[in-house]
Amino acid sequence: MSPHPPRERPRPAFAGWIAAGVASLAVSTACRGDAPPPGVTDVVIESPREHHVREGFVQLVPPVHLPSSSPDRDQVEIWVKVPQGSTIALALDDAGRPTLEFPPGTLADRVEWMGKGDMRRIVDIRGTRIEADGSQTFYVYRPSAPDPRAPLFGLEWARGDASVQEAATEHLVARVAAHPPVAQMPAARREAVLEGVRVRNGCAACHPLSRPENQAPRQHGLVDRGTDRSGFFTPQTVLWDEVPLEAYGAHDRSWHDPSIEVRCGGEIVAAPEGEVPRRCSDGTIARGRMRWDVAEPAARAHRAAVCDGRRWLAAHMTQADGAKLSSALRPCEKI
Ligand code: HEC
């Protein structure tokens, strides 16, 4: 069985161009940049807006907000897809919480949006595909133009080979540099943006497998949450009520959301007005805890989304593993 049968893989950019028949401006823009180096494949998503729903991914919503570029909406979403009939393995981490290992054929995407309403558009997708032998392929997509319907150009490469990783990063940088808005930027600004692209392309360093949670800031890395056995941060936290709150990113909406308690050293703390500190007053890591007793419609909708994720994860496990999630699923019965 092929590891990812149900999904139509994004077509290589060049094939997309040919298939379009005429070299429409949008698609030829998606092809801009040099040919990929060995070990790196160019890919394209022609129609990004409904991509994940259309391809059968499900969104996993964690109990606390992910850091966001916007103070009033979550601009980062996590979408996953596993092959039909495959199972996600369940284990317990050092703290006794459920942790996960995803099967071959899994696709996991971090999708970052910008803007709102009709102009809301995907500005970055980074994702991982788990291959038949358990190895991982990384991929990244970026917009070819500011129009929300414009194709995303992308590339993919195997995790684990430092020279391929470096070649992929430089290829991405060249392609981002060839597209708007970076292509039109003054040199100094362009260099700063491209340096950011390089830093954010160091996927494996941020996503080691089974990385423990930070007990103190930067103990194991910039991210305070730990990873599961597949190197993912978010999916396992869908099964927990309490999650460390991060200090990076422009905003963390958890601090001002009445359906989330922020705790420092076990005590509930109130967020100050205006800009929040992101850390406890003694510099330790704050934790966010989802409240099950808040009746506001937004809180109910949030809990329903978290519970959908819990049920989806349990439904993609062996019966024995799914049964071990009874305490995570119990509060969802009332929803
Ligand atoms: C600075 C650390 C960092 C770097 C670099 C990074 N990631 Fe992530 N990634 C995260 C964090 C943290 C999340 C969880 C979502 C969030 O908080 O934005 C995430 C989410 C993801 C997810 C969704 C599953 C999960 O872990 O929640 C995938 C897949 C992913 N990243 C792949 C990649 C790939 C591929 C690259 C390289 C192109 C990459 N990441 C680079 C930190 C990083």
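**Reading the loops, the iron site and the disulfides**

Mentor: Let's start with His 207, which sits in the loop between helix H6 (203-206) and helix H7 (234-237). Helices (H or I, at least four residues) and strands (E, at least two) are DSSP runs, numbered from the N terminus. This is a predicted model, where local features need pLDDT of at least 70 and side-chain atom pairs count only at pLDDT 80 or more, while totals for chains, interfaces and linings use all residues. Residues are numbered from 1 along each chain as its sequence is written, and side-chain values use heavy atoms, with hydrogens and water left out.

Trainee: Which protein donor does the iron atom of the ligand have?

Mentor: Donors are N, O and S atoms within 2.8 Å of the metal (3.2 Å for Na, K and Ca); water is not among the atoms, so sites may look incomplete. Here the protein gives the iron a single donor, NE2 of His 207, 2.0 Å away.

Trainee: Where is the cis peptide bond?

Mentor: Most peptide bonds are trans. The one from Pro 180 to Pro 181 is cis, with omega near 0 degrees. Pro 181 belongs to the loop between helix H4 (162-178) and helix H5 (187-200).

Trainee: How many disulfides are there?

Mentor: A pair of cysteine sulfur atoms within 2.5 Å counts as a disulfide, and this structure holds 2. One joins Cys 264 to Cys 280, S to S 2.0 Å. That pair links distant parts of the chain, 16 residues apart: Cys 264 is in strand S11 (residues 260-264), and Cys 280 is in the loop between strand S12 (267-269) and strand S13 (287-290). Both Cys 264 and Cys 280 are buried.

Trainee: What is the torsion in the disulfide of Cys 307 and Cys 332?

Mentor: About -85 degrees around the S-S bond, so this disulfide is left-handed.

Methods
Buried < 20%, exposed > 50% of the residue type's maximum accessible area, 1.4 Å probe, protein only.
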